[in-house]
Amino acid sequence: MHLVNARHTLLALLCLPVAALATNPVCEVRSTETLTPVIELYTSEGCSSCPPADQWLSTQKGKPVVAQAFHVGYWDYIGWVDRFASPQHTERQRQLAAANGLRGIYTPQLARNGRDWRDYAAPATAPNEPARATITLLRAANDPDSFEAKVSPAAGVATWSAYWTVTEHGHSSRVKAGENNGETLKHDFVVRQYTPVGRYQGAQSLKFAAIAAKPEHPRQVNLVVINPQGGQTLQAVSLSCG
């Protein structure tokens, strides 16, 4: 009796189309107790000193960091327009400069956890620095471009803010003018979408609609939670699932 039923069940499953057996995979990441370092590179294809910084950022692939290349457009006047640049990126850089007490902005500029960081030789990862927020980030089961996060600040964090980015790997440009004329520049962690969110108190849920993924440019969806007063990183996560 039990053997017959088992055989019938197996035959029924084998007759089902593959699509009927498939389920939408859950794509989810949870933050750790230690702070995930956030590396921001402000760069431009019109800047001759930027390619080495771009190359260094590419070495962060596979490391436990949230890396982001914010292309800026204030060097476009030299003769080459950076197609990845956005005024929002420049505004983000100005905010970072103000929080660090800098007199101006420059390229290439690196920031680590919201702080101006000029020691390229130092490791990007932090030695067991405790996080001050916890994050759970997941992709919606019925929409590959919809994401939801739950953020809980640590005790003592009165207010917090955050921003989303979508970064892509494997971009390249054949530069035909400006300081990098004749060079082929390769880019990873390119910020293709930057969306700041408001200021919050206590635990909150956030939703995000990402730009569509491109198979030729692997996508990462990142959420960075920050202290709105000083700009320091409280915690960050990165999700790579198409």
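The protein chain has four helices and 14 strands, where helices (H or I, at least four residues) and strands (E, at least two) are DSSP runs numbered from the N terminus. What I am showing is a predicted model, in which local features need pLDDT of at least 70 and side-chain atom pairs count only at pLDDT 80 or more, while totals for chains, interfaces and linings use all residues. Residues are numbered from 1 along each chain as its sequence is written, and side-chain values use heavy atoms, with hydrogens and water left out.

Of the 242 residues in the protein chain, 44% count as buried, and by buried I mean under 20% relative accessible area, with exposed over 50% and partly exposed in between, using a 1.4 Å probe and protein chains only. If we take the contacts in the protein chain with a separation of 6 or more, residues 24 or more positions apart account for 69% of them, a contact being heavy atoms within 4.5 Å.

Let me turn to helix 4, which runs over residues 87-99. Helix 4 has 13 residues and reaches 19 Å from its first C-alpha to its last, close to the 18 Å expected at 1.5 Å a residue; the expected span is 1.5 Å times one less than the number of residues. Which residues of helix 4 are buried? They are H89, T90, R92, Q93, L96 and A97.

At the start of helix 4, a side-chain oxygen of S86 comes to within 3.1 Å of the backbone nitrogen of Q88, and just after helix 4, G101 takes a positive phi of about 70°. Further on, in the loop between helix 4 and strand 4, we find P108, and the peptide bond joining T107 and P108 is cis, with omega about -10°.

Most residues other than glycine have a negative phi, and most peptide bonds are trans. Against that background, N113, which is not a glycine, has a positive phi of about 55°; N113 lies in the loop between strand 4 and strand 5 (115-116) and is buried, with a relative accessible area of 8%. F189 likewise has a positive phi, near 60°, and is placed in the loop between strand 10 (184-187) and strand 11, where F189 counts as buried at 4% relative accessibility.

That loop between strand 10 and strand 11 also holds D188, which counts as buried at 13% relative accessibility. The side chains of D188 and S58 are joined by a polar contact of 2.7 Å, a polar contact being a pair of N or O atoms within 3.5 Å; within protein, one must be able to donate a hydrogen and the other to accept it, and residues adjacent in sequence count only if both atoms are side-chain atoms. Not counting residues up to four places away in sequence, D188 touches L57, S58, K61, A69, E168, H169 and G170.

In strand 3 we have Q68, buried at 0% relative accessibility, and a polar contact of 2.7 Å joins the side chains of Q68 and T165.

Finally, the aromatic rings: how many aromatic pairs does a search of the whole structure find? There are eight, where rings of Phe, Tyr and Trp (its six-membered ring) pair if their centres lie within 6.5 Å, and planes under 30 degrees apart count as stacked, over 60 as edge-to-face and the rest as tilted. The rings of Y163 and Y194 have their centres 5.5 Å apart and their planes at 70°, so this pair is edge-to-face. Y163 belongs to strand 8 (residues 160-168) and Y194 to strand 11 (residues 190-200), and the pair, 31 residues apart, links distant parts of the chain. Both Y163 and Y194 are buried, and ring pairs link Y42, F70, Y163 and Y194 into a cluster.
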